[in-house]
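Please keep the sequence and the structure in view while reading.

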Amino acid sequence: MNVPFALLLVLIWPLMLAIALTHAGTRPVAMHLAPWAAVPALVLGLAFDDSMLHVPGTMLGAVLYFDAGGRVFLLLTATLSLAAGLLARERVKGWGSAHRYTLFLLLATTGALALALAGDALMFFTASTLLGYALYGMMATESTAAVASARAFVVMLVVSDLVVFELLLVLAHEAGGIAFDTLRQALQLVDFPASTFTLLLFGFGLKVGLVGLHLWLAPVFVGAAAPVRPLLLAFVFCAGMLGWLRLLPLGEVHWPDGGALLQGLALVTLLYATLVGMMQAHWRSALAYGVMAMSGLLLWLLGAILIEPGLWRGLFSALHRTLLQSGFSFTVLFLLPGPILDSSSWRRRGIIVLGWLAVLLLVAAPLQVIAALSRLAPETSVRFVWLAAAFSLLPMRCLLFTRTVPATPGTMWTVGGLSLAALLVTLELFTASSWVALGWPSLLLLLVAVLGWLAGEALAKHLPVIPPGDLFLPLERALVALVGSLTRLAGTQLPLLRNKGLASLQRVIERLQWLKFVGRVEIHLGRWPVAMLLLLLLGLTLGGWGSAG
């Protein structure tokens with residue numbers, strides 16, 4: 001098959017199924033094929049060579065671009081879309097509005113795949129918007145909790161899309177085109193575009209959960225149903241992280257100021273996510289902070305590349321493989337059910353094994369980058385190892401939460417397949433890298449993960465427990481308690497204090513009046529005529545007492 005035609009087929013196929021869902025005659029066939037809509041994309045990512053296609057008849061000439069980086073993201077989005085489709089197939093059985101839910105699923109799949117293949121800014125923005133609003137549609141048809149989280153998601157989506165659109169307009173105006181290559185070349189000509197970099201930080205920082213812009217992550221992942229969670233991860237990794245990789249001229253510019261700023265924000269994001277994630281009361285909320293911590297880890301690495309551009313060529317493959325492995329591992333953990341309601345012993349054992357395997361693979365995901373950095377920049381590698389160790393505190397902690405979700409056979413097969421994919425990526429690393437480069441970092445990450453697991457139990461008894469959300473929730477509760485205390489103080493204590501104060505003031509005033517009287521008497525006594533008269537009276541009195549005696 002012609003590769004450019006295969007690129008087009010990957011996007012047309014789920015759209016054709018979506019159109020077929022709108023007609024009653026073709027709807028049953030489309031419902032059966034919809035869960036497998038991402039299979040052509042998976043075949044393309046595994047079997048076809050790099051290619052480019054200019055799509056004729058589209059506005060401004062859209063470009064589909066399939067390169068080494070896009071291949072990794074296409075494999076990630078295709079696998080996660082396939083997992084979402086298989087989980088949705090079980091969920092929509094006997095559901096009256098199943099075709100509507102499946103329609104949103106197909107649109108989300110199209111958007112996710114188009115993000116990986118987008119070769120220009122307009123195509124990328126369109127795909128991101130399609131994926132985001134399709135996810136909102138899937139969540140809006142779920143339970144009340146999902147609808148509430150959908151509102152938080154759509155607010156983030158609107159704000160981030162406005163900022164990203166403004167960013168793309170600025171870049172396109174300066175570059176004179178919308179292709180990613182043209183935009184990167186325009187950025188190379190500027191020493192350090194502070195305003196453009198700020199828009200980049202805000203627009204894509206909202207999507208990846210940069211600190212201060214992350215408040216939507218935990219509520220959305222907690223409220224979303226199982227079929228939505230893999231596509232939410234695809235949104236974070238593709239609409240967010242891929243945007244950084246496509247727009248930043250990595251390896252071609254030296255921006256020490258921008259790199260230092262990005263590293264500082266990434267470090268705060270990583271440490272903040274680790275701390276607050278340990279205090280979460282819901283396991284998916286803690287995992288959402290794990291996604292935030294991984295974003296911080298990867299953004300710190302991008303900052304290092306902006307400071308040392310020569311690192312990019314050696315880190316390109318390792319960075320993309322880390323994204324692929326962490327995406328698979330996070331999806332397994334987000335879908336992992338609990339054995340509480342499951343009476344089958346083999347499923348219970350399978351859940352435990354898959355859970356520990358996913359945690360270990362997630363902890364090992366940064367080893368891809370560590371192995372490359374140990375050859376390129378040993379000092380940067382040591383710093384990155386400690387950051388990866390901080391990240392590894394959270395994953396094993398997530399296994400301690402009690403889950404009450406039954407393990408269906410479909411969920412088990414889906415989770416098992418994703419675990420196998422992540423395991424294959426890890427095995428490829430260990431066969432291609434030297435054990436010397438991976439030895440002590442592997443032991444350190446595993447040791448810190450175990451310590452995080454043990455410390456999590458101890459800290460959970462002393463740290464405040466936060467419901468799905470952020471530190472703003474306990475701060476809000478503290479503020480409400482403070483306002484209540486002030487209200488009670490104003491209603492009961494202040495009147496008593498006021499009365500006591502007035503009484504004390506009255507006594508002081510009365511005492512001051514008595515002192516004034518004494519003062520006037522003293523003044524009169526100090527005059528000579530009065531003093532002589534008093535002395536005369538005193539002498540007569542003493543003389544009378546003496547004669548009487």
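## Overall make-up

The model is predicted. Its chain holds 22 helices and 2 strands. Of the 549 residues in the chain, 51% are buried.

Contacts were also sorted by separation along the sequence. Among those between residues at least 6 apart in sequence, 80% join residues at least 24 apart.

## Nonpolar cores

The largest nonpolar core has 145 residues, and the members that touch the most others are Phe153, Trp244 and Leu302. Helix H13, residues 283–307, supplies the largest share of this core, with 18 residues. Another core, of 8 residues, lies apart from it; Ala20, Ala30, Ala34 and Ala37 are among its members.

Leaving out residues up to four places away in sequence, Leu302 touches Met241, Trp244, Leu245, Leu250, Leu262 and Leu319. Trp244, one of these partners, is also named with Leu302 and Phe153 as touching the most other members of the core.

## Helices H5 and H6

Helix H5 spans residues 98–117 and helix H6 spans residues 121–140. The two pack at an angle of about 155 degrees, and their axes are 8 Å apart. Because angles over 145 degrees count as roughly antiparallel, H5 is roughly antiparallel to H6. The crossing of H5 past H6 is left-handed.

On the H5 side, the contact includes Tyr101, Phe104, Leu105 and Leu107, as well as Gly111 and Leu115. On the H6 side, the residues met include Met123, Phe124, Leu130, Leu131 and Met138. By class, the residues of this contact are 15 nonpolar and 4 polar, with no charged ones.

## Helices H12 and H13

H12 and H13 pack at an angle of about 160 degrees with their axes 7 Å apart. That angle makes H12 roughly antiparallel to H13. Their crossing is left-handed. The residues of the contact of H12 with H13 comprise 19 nonpolar, 7 polar and no charged.

Leu275 is located in H12, which runs over residues 256–277. Is Leu275 buried, exposed or partly exposed? Its relative accessibility is 46%, so Leu275 counts as partly exposed. Leu275 and Tyr289 are 14 residues apart along the chain, and their C-alpha atoms are separated by 9.2 Å.

## Two buried residues

His320 sits in helix H14, residues 311–335. With a relative accessibility of 5%, His320 counts as buried, because the cut-off for buried is under 20%. Setting aside neighbours within four places in sequence, His320 is in contact with Gly69, Val72, Phe73, Leu245 and Trp312. Leu245 is one of these contacts of His320 and also one of the residues touched by Leu302.

Leu167 belongs to helix H7, residues 144–175. Its relative accessibility is 1%, so Leu167 also counts as buried. Which residues does Leu167 contact, leaving aside neighbours within four places in sequence? They are Thr196, Leu199, Leu200, Phe204 and Leu247.

Notes
Residues are numbered from 1 along each chain as its sequence is written. This is a predicted model: local features need pLDDT of at least 70, side-chain atom pairs count only at pLDDT 80 or more; totals for chains, interfaces and linings use all residues. Side-chain values use heavy atoms; hydrogens and water are left out. A nonpolar core is a set of buried Ala, Val, Leu, Ile, Met, Phe, Trp, Tyr and Cys residues joined through side-chain atoms within 4.5 Å. Buried means under 20% relative accessible area, exposed over 50%, partly exposed in between (1.4 Å probe, protein chains only). Helices (H or I, at least four residues) and strands (E, at least two) are DSSP runs, numbered from the N terminus. Contact means heavy atoms within 4.5 Å. Axes are lines fitted to C-alpha atoms, for helices over the stretch in contact, and angles run from 0 to 180 degrees between N-to-C directions. Angles under 35 degrees count as roughly parallel, over 145 as roughly antiparallel, 65 to 115 as roughly perpendicular and the rest as oblique. A crossing is left-handed if the near helix is turned anticlockwise from the far one by less than a right angle, and right-handed if clockwise. Ala, Val, Leu, Ile, Met, Phe, Trp, Tyr, Cys and Pro count as nonpolar, Asp, Glu, Lys and Arg as charged, and the others, Gly among them, as polar.
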